[in-house]
Amino acid sequence: MAAQSPNTGVLIRPAKVEDAPAIYALLATFSTEGKLLPRPVADIQARIANFLVAEMDGSIAACGALRDFGNNLNEIRSLAVRRDLAGQGIGSHLVKALLEKALERTGGGHGHVFALTYRVAFFQRLGFRIVDKYTFPPKIWSDCSVCPKKDHCDETAVVIDIPVPDEPVKEV
Ligand SMILES: CC(C)(COP(=O)(O)OP(=O)(O)OC[C@H]1O[C@@H](n2cnc3c(N)ncnc32)[C@H](O)[C@@H]1OP(=O)(O)O)[C@@H](O)C(=O)NCCC(=O)NCCS
């Protein structure tokens, strides 16, 4: 799966193992500020099949991963766009591509995609709705042990049904 964005000219494609150092570097620019969970390069390499990247002029402009929790429940995580490219629609395009990837995983069925985020309006504009994060199965908290905010998580859970209903984009 690869798709050229009509607005930005970036190519959204599955990540390759050799992209891992660039993905690590991009995520680190936000994890050092507490905006994303830190991820070691080895972890990114081990789970590279979960990642999509946005490539621009041969380098990684953005990345995002889709973690499969079974029962057609997937999480969007490690979503990051280079700061100098923010606000151009790349993040939205990447989320839509991740939703397509999640839909492929259902094999034509129905499912849900969630995210834990500080960027609630960004996800709401894409059709996600806010939910109580504690409605998700306990296994989704497995990665939180490395989070400095593990005992006082202040992120908001958002979720969307897949396939995404054919609705107009929401104004928030
Ligand atoms: C959150 C993030 C992924 C968004 O990526 P992005 O490429 O800037 O996203 P978009 O451009 O699609 O949308 C961002 C904003 O620009 C606006 N926008 C969208 N397309 C636009 C365009 N063509 N021109 C100008 N603005 C645009 C959107 O309305 C949106 O507004 P919002 O900030 O109020 O939500 C990015 O800012 C990021 O990496 N943040 C740090 C890490 C993080 O918080 N990740 C999310 C963890 S779940």
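Modeller: Arg13 has its place in strand 2 (residues 11–14), strands being DSSP runs of E with at least two residues and helices runs of H or I with at least four, numbered from the N terminus. The model is predicted, with local features needing pLDDT of at least 70 and side-chain atom pairs counting only at pLDDT 80 or more, while totals for chains, interfaces and linings use all residues. Residues are numbered from 1 along each chain as its sequence is written, and side-chain values use heavy atoms, with hydrogens and water left out.

Colleague: Why does Arg13 count as buried?

Modeller: Buried means under 20% relative accessible area, exposed over 50% and partly exposed in between, with a 1.4 Å probe and protein chains only. Arg13 has 9% relative accessibility, so the residue counts as buried.

Colleague: What makes the pairing of the Arg13 and Glu55 side chains a polar contact?

Modeller: The term requires a pair of N or O atoms within 3.5 Å; within protein, one must be able to donate a hydrogen and the other to accept it, and residues adjacent in sequence count only if both atoms are side-chain atoms. For the side chains of Arg13 and Glu55 the value is 2.6 Å.

Colleague: How many aromatic pairs does the structure hold, and why is the pair of Phe69 and Phe114 called tilted?

Modeller: There are four aromatic pairs. Rings of Phe, Tyr and Trp (its six-membered ring) pair if their centres lie within 6.5 Å, and planes under 30 degrees apart count as stacked, over 60 as edge-to-face and the rest as tilted. The ring centres of Phe69 and Phe114 are 5.9 Å apart and the planes stand at 35 degrees, so this pair is tilted.

Colleague: Why is the pair of Phe114 and Phe136 called stacked?

Modeller: Here the centres are 4.3 Å apart and the planes at 25 degrees, so Phe114 and Phe136 are stacked. Phe114 is in strand 6 and Phe136 in the loop between strand 7 (129–131) and strand 8 (156–162), 22 residues apart. Both Phe114 and Phe136 are buried, and together with Phe69 they form one aromatic cluster.

Colleague: Which residues are closest to the ligand?

Modeller: The ligand is surrounded by 18 residues, the closest being Gly87, Gly89, Gly91, Ser92 and Arg119, where a residue is near if one of its heavy atoms lies within 4 Å. A backbone N or O atom of Gly89 is 2.7 Å from an oxygen atom of the ligand, and a ligand nitrogen atom is 2.8 Å from a polar backbone atom of Leu79.
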